[in-house]
Amino acid sequence: MDPLAKLTLPPPFEEALSRHEREIMRFLLRMTRDRDDALDLFQETWLRAYRAYPQLDSEQGLRPWLYRIATNLCRNRARDNSRRARVISNGDGPGDGDHRLASAAGGGGQEDTLHLRRAIAGLPHKQGQALVLRKFAGLEYEEIGVALDCSAESARASVYQALKKLKAMR
Amino acid sequence: MLEDRMWMREMLDDDGPLGMDGAPGEAAVGAALRAVRTRLARALGRVRRPLARAGVIDSPVGRLLVAESAHGLLAVRFLDSPDAPGALTALRERFDLVEDTRAAARIRREIERYLDGDMHALDRPVDLSLVRSGFQRRALMRLRRAVPPGSVITYQALAAAVGAPSGQRAIGNTMASNPVPLYVPCHRVIRSDNTIGNYGGGVARKIRLLRAEGFSLSRDHRLPAGSVMGHLGTHIFCRPRCPAAMRANRAKTVIFADSGRARGAGLRACKLCRPV
């Protein structure tokens, strides 16, 4: 039989939403460490997901796609925040955005997580993102590749490099 | 210096994802979800696409993707055609699909009844909102209204009928992109040399459909010798070479498989050429 004859209908958007809302919210809370921001980005992520849903081939493609959107929104927000911070402090001090990314490394603000956050913030951007998606969101390398717009191999290499650097600091 | 805590060691030494240690509490996640759900539902409601019921059916003419809106039948796509995935995407861009096996089964039964000879089985309303231009919509509606089962029309005559006498090319494209084949009978549009021409679902299907409607096609896919020209304005039908038929307005001329079909459609025989 022609493989195209096996074409099936995708699940309704609501089903995708209820299947993934929890992990996306968890991811955003972790990334932003700010409940209001997390709620805003959650809504924006799903509105964009709704708009793009017709173009997504399958439900399997949805999850990394969601993380990609959520990651980009977090990055934009971090950039906006750091720009705002720079304006206020007139260019002094470290970029707040890096802390935002590093803040993804969860925990309750104890010393060790603070160290870890700083360490992740010191990593090159892509390595830090890949590490967070792998370790804290639990994505497969293929999914990280989709989220960061690179190959699975490149995603694996980024996580490897990030871990190597963190270990060197230990 | 990173302290060598348990979970940090796990993170640095293990390849897999971390446990839940670093995560926000599940209660916090749940509360955040509850706080945002209503707001998200309202925002989604503002950009919502209309609903369409859809399904995949195994019909006598092959596996089909079918969909209907509140206004009528939206799509019938042959799944073995190379543009089936694109057609599904186009459908999803305009409508939110809900799988509905009962609605799909109704459509399957209609097609079965039709191929068994019930020529009114496909008379339900169609929704042509997937059709891009007004010209294409007009052509498809005209075809559906004016060319009954047991008759065919040429690309040229259909073009003339929608006010574009030299638009047979555009008519060809319109038929090729017809979202509701069978129900909008693009298989009833043929070439001016009386050969049946192409079909989006493959020529074999076009032959099958035309045979089901009473045409006995020759081996080179031409119309049968006994076919007659019917004029939808005067309601008279003629032999193909009748001088009256030659003079008649092409835009109102269709071709019937035989005199019986023409009479069945309410036409009378020409007194000049006396078709039998």
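Colleague: What makes up the secondary structure of chain A?

Modeller: Chain A has eight helices and zero strands. Read along the sequence, the pattern is α-α-α-α-α-α-α-α. Chain B comes to ten helices and ten strands.

Colleague: How do you know that H1(A) is mostly covered?

Modeller: Buried means under 20% relative accessible area. Of the 20 residues in H1(A), 15 are buried. Across chain A, buried residues make up 53% of 170 residues.

Colleague: Where does helix H1 of chain A bend?

Modeller: Helix H1 (residues 13-32) of chain A bends at A:His20, by about 50°. That angle lies between an axis fitted to the seven residues ending there and an axis fitted to the seven starting there. After H1(A) comes A:Arg33, with a positive phi near 50°.

Colleague: Which helix of chain A has the lowest mean pLDDT, and which the highest?

Modeller: Helix H4 (residues 96-102) of chain A has the lowest, at 44. Helix H2 (residues 35-52) of chain A has the highest, at 94. The scale runs from 0 to 100. Over residues 90-109 of chain A the pLDDT is below 50. That stretch still has 47 contacts in the model, beyond near neighbours in sequence. Where pLDDT is low, the predicted coordinates should not be read in detail. As a whole, chain A averages a pLDDT of 78, and 76% of the residues score at least 70.

Colleague: Now chain B. What is the order of the open sheet of four strands?

Modeller: The order is S3-S2-S1-S4 (chain B), with mixed pairing.

Colleague: Why are strands S3 and S4 of chain B called edge strands?

Modeller: Strand S3 (73-78) and strand S4 (96-99) of chain B each pair on one side only. Neighbouring strands of this sheet are turned by 30° against each other on average, direction ignored.

Colleague: What makes S1 and S2 of chain B a pair?

Modeller: Two strands pair if there are at least two bridges between them. Strand S1 (residues 51-59) and strand S2 (residues 62-68) of chain B have seven, in the antiparallel sense. Therefore they count as paired. B:Ile57 stands opposite B:Leu64 in S2(B).

Colleague: Which strands does helix H4 of chain B touch?

Modeller: Helix H4 (residues 101-115) of chain B packs on the sheet and touches S1, S2, S3 and S4 of chain B. The direction of this helix makes about 50° with that of S1(B). Helix H3 (residues 84-94) of chain B lies across S2, S3 and S4 of chain B, at about 165° to S3(B).

Colleague: Why is B:Gly55 called buried?

Modeller: B:Gly55 has 2% relative accessibility. The cut-off is under 20%, so B:Gly55 counts as buried. B:Gly55 sits in strand S1 of chain B.

Colleague: What is B:Gly55 in contact with, leaving aside neighbours within four places in sequence?

Modeller: In chain B, the contacts of B:Gly55 are B:Leu64, B:Leu65, B:Val66 and B:Ala104. From chain A there is A:Leu9. Each such contact has heavy atoms within 4.5 Å.

Definitions and conventions. Residues are numbered from 1 along each chain as its sequence is written. Chains are lettered from A and ligands numbered from 1 in the order in which they are written. This is a predicted model: local features need pLDDT of at least 70, side-chain atom pairs count only at pLDDT 80 or more; totals for chains, interfaces and linings use all residues. Side-chain values use heavy atoms; hydrogens and water are left out. Helices (H or I, at least four residues) and strands (E, at least two) are DSSP runs, numbered from the N terminus. Axes are lines fitted to C-alpha atoms, for helices over the stretch in contact, and angles run from 0 to 180 degrees between N-to-C directions. Buried means under 20% relative accessible area, exposed over 50%, partly exposed in between (1.4 Å probe, protein chains only). pLDDT is the predictor's confidence in each residue, from 0 to 100.
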